[in-house]
Amino acid sequence: MHNQGCSEEEIFSFLSLKRAEDTSHDYILSSMCTVPHPIAVKAHDMFMETNLGDPGLFKGTADIEQALVQRLGTLFHGPDACGYATSGGTESNIQALRMAKACKKKHRPNVVLPESVHFSFRKACDMLGIDMHTVPLDAEYRMDAGAAEKAIDKDTCCIVGVAGTTEYGMIDPIRELGEMAGDHDLFFHVDAAFGGMVIPFLDHHKPFDFLVPEVSSLAVDPHKMGMSTIPAGCLLVREKEMLCALSIDTPYLSVKQEFTLGGTRPGGPVAGALAVLDYLGMEGMQAVVQGCMKNTWRLIDGMETFGFARVVTPDVNVATFNPPGKIPLPWRVSCTRKGHLRIVCMPHVHRDIIEKFLRDIGESNA
Ligand code: 0PR
């Protein structure tokens, strides 16, 4: 720490230098986050000093959080779902497994989840002392329902399905998994951190949300396809008692109990998330999502003409290719655990960016 403070000019010239070292979104094809919508930024700015961790002091902000839960619950066919704004998919998934462990008491609890599950579940299981029963995928990179059934045993407390997998953009067979969860009396969590802000806006899709009666909870991240500022996640829960299983006493706060994982929680991104949903409405979100899907198909088409075959036809805007090929700088793509080239067509990845990328790929791999 400096003994004496620096001038504003010094600080900001340092910060600008560092910021310029960050990759421009014009070249980021690997991310599930995007440039926030200007409406989200404006809303976020208004709520800079709000703290949802002490909702009695910030009643208006707390109302906004509840409105977000209500808006998203309704979108996911659970208008009465409860929940709260998390810091993102990792926190939502940790909390879902905490609920499962608390609600379905087992001697040595385990969770049945697909090989494609996000690594946040490894953190959650490590912290909670839950064993992972990992289930292989079928030929289309979806959780193999038959194998899932076999992985359930007397200590299974939870089954997890993913709606929009991180690496291949696939939706697991949620309906079948739900029936299994019902038959074995399991908690059923759907990780729709990415897909939750995509799937409802597609023309056709299979049920993945509270429409499936056995779904207990669902994770969705407005800071991904919801174009909010970071960090904005949301955990939605079918029954209040499940969430209350996480309650602990908070004697000196304005509310006497809380079920959140975080204590101090930002109101800004939550206001941002709600503002985007309300500003765009169904039609606006459909336009954004369908634009991303069109770009995904154009990318797949273009890559295939250069000899990069799609690994699978995705359900959401994540495209994967084989062979991984040579990717010229400054493009930033990612590589899946199986070694496939992976590109996420987020809202900032406009059509002209795709065309530019395709030209560069064509030249580098000619
Ligand atoms: N569940 C799914 C299905 C996810 O894809 C992710 C993150 C999470 C949970 C965890 O969400 P949080 O990271 O918000 O806690 N998926 C991306 C990934 O790990 C996150 C990401 C975003 C990574 C932008 C890089 C990046 O530039 O790949």
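Predicted model: local features only at pLDDT ≥ 70, side-chain atom pairs only at ≥ 80, totals over all residues.
Local features need pLDDT of at least 70 and side-chain atom pairs count only at pLDDT 80 or more, while totals for chains, interfaces and linings use all residues. Residues are numbered from 1 along each chain as its sequence is written, and side-chain values use heavy atoms, with hydrogens and water left out.

A search of the whole structure turns up 16 salt bridges, each being a side-chain nitrogen of Lys or Arg within 4 Å of a carboxyl oxygen of Asp or Glu. One of them pairs Glu-167 with Arg-337, at 3.0 Å from N to O. Glu-167 sits in the loop between β4 (156-162) and α7 (174-183), and Arg-337 in the loop between β12 (334-335) and β13 (341-344), so this pair ties together parts that are 170 residues apart in sequence. Helices (H or I, at least four residues) and strands (E, at least two) are DSSP runs, numbered from the N terminus. Glu-167 is buried at 15% relative accessibility, whereas Arg-337 is exposed at 60%. Here, buried means under 20% relative accessible area, exposed means over 50%, and partly exposed is in between (1.4 Å probe, protein chains only).

Next up is Arg-298 with Glu-355, whose closest N and O atoms are 2.8 Å apart. Arg-298 is partly exposed at 25%, and Glu-355 is partly exposed at 22%.

Salt bridges with shared partners also join Glu-140, Arg-142 and Asp-315 into one network. Within it, Arg-142 and Glu-140 have their closest N and O atoms 3.3 Å apart. Arg-142 is buried at 14%, while Glu-140 is partly exposed at 39%.
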